[in-house]
Structure formats: structure tokens, C-alpha cells
Amino acid sequence: MFIETQIAIRNNPNLYRYLRENSHWYKYLNRSPYFLKEIEAEMKSRYKLTPVDKIEKFSNRLDMITSIIDVFT
């Protein structure tokens, strides 16, 4: 595996944890460092770190706050 790929993995704790849980990706990274983008995309979808997931989480929190405010009014 290339040094740059190893550094990128070590600098991203979520990616490092994802690779530890799904070790089959090491085979692809040893063949080509271009799989790193695919792994990052899969990791973000699995850990719900995509912008759509963040907006949905914010919306859920906002709904919860409005429901709490409605209870007190």
C-alpha cells in the first residue's frame, strides 16, 4: 500500500475504524490507491456522514425542539 494512502487512512479516524471493521478493503487498497474514494463514500453512507444525513438529523432535532416547546405552551 502506498505511503500516501496509509497517511490518509491514519488521519481520518472514521475511515480507519471502518477499515478495521471491513478488512476486505485492504485487498483493494493494496492493488490501487484509487479505491480510497470508494471506501470513503461507503464509510460516509454507513456512518451517516453524508450531507443528506446531516440535514435529516438537524430536521429531526428541530422537530423534537418544536414538540417540546408545544408541550410547554
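1. Helices and strands are here runs assigned by DSSP, a helix having at least four residues and a strand at least two, numbered from the N terminus. On that basis the protein chain of this predicted model contains 5 helices and 0 strands. Read from the N terminus, the order of elements is α-α-α-α-α.

2. The overall form of the chain deserves attention. The radius of gyration of the protein chain is 18 Å, whereas a compact globule of 73 residues would have a value near 11 Å. Along the principal axes, the C-alpha atoms occupy a box of roughly 60 × 20 × 15 Å.

3. The next point concerns burial and surface. Of the 73 residues in the protein chain, 19% are buried. Among contacts with a separation of 6 or more, 47% are between residues 24 or more positions apart.

4. Which residues form the largest nonpolar core? This core has 10 residues, namely Ile9, Leu15, Tyr18, Leu19, Trp25, Leu29, Leu36, Ile39, Met43 and Tyr47. At least two residues of the core come from each of α2 (13–21), α3 (25–31) and α4 (35–46).

5. Met43 is a member of that core and may be examined individually. Leaving aside residues up to four places away in sequence, Met43 touches Asn12, Asn14, Leu15, Tyr18 and Leu49. Two of these partners, Leu15 and Tyr18, are themselves listed in the core.

6. Ala41 belongs to helix α4. Is Ala41 buried, exposed or partly exposed? Its relative accessibility is 46%; because this value falls between the limits of 20% and 50%, Ala41 counts as partly exposed. The C-alpha atom of Ala41 is 9.9 Å from that of Leu15, and the two residues are 26 apart along the chain.

7. Lys48 is located in the loop between α4 and α5. The phi angle of Lys48 is near 55°, a positive value in a residue other than glycine. Lys48 is classed as exposed because its relative accessible area of 55% is over 50%.

8. Helix α5 spans residues 51–72 and includes Glu56. With a relative accessibility of 46%, Glu56 counts as partly exposed. Glu56 and Leu36 are 20 residues apart along the chain, and their C-alpha atoms are separated by 26 Å. Leu36, for its part, is one of the residues of the largest nonpolar core.

9. The protein chain carries 12 positive and 9 negative side chains.

How values were computed. Residues are numbered from 1 along each chain as its sequence is written. This is a predicted model: local features need pLDDT of at least 70, side-chain atom pairs count only at pLDDT 80 or more; totals for chains, interfaces and linings use all residues. Side-chain values use heavy atoms; hydrogens and water are left out. A nonpolar core is a set of buried Ala, Val, Leu, Ile, Met, Phe, Trp, Tyr and Cys residues joined through side-chain atoms within 4.5 Å. Buried means under 20% relative accessible area, exposed over 50%, partly exposed in between (1.4 Å probe, protein chains only). Contact means heavy atoms within 4.5 Å. The radius of gyration is taken over C-alpha atoms; the globule rule is 2.2 Å times the number of residues to the power 0.38. Lys and Arg count as positive and Asp and Glu as negative; His and the chain ends are not counted. The place of a charge is taken as NZ of Lys, CZ of Arg, CG of Asp or CD of Glu.
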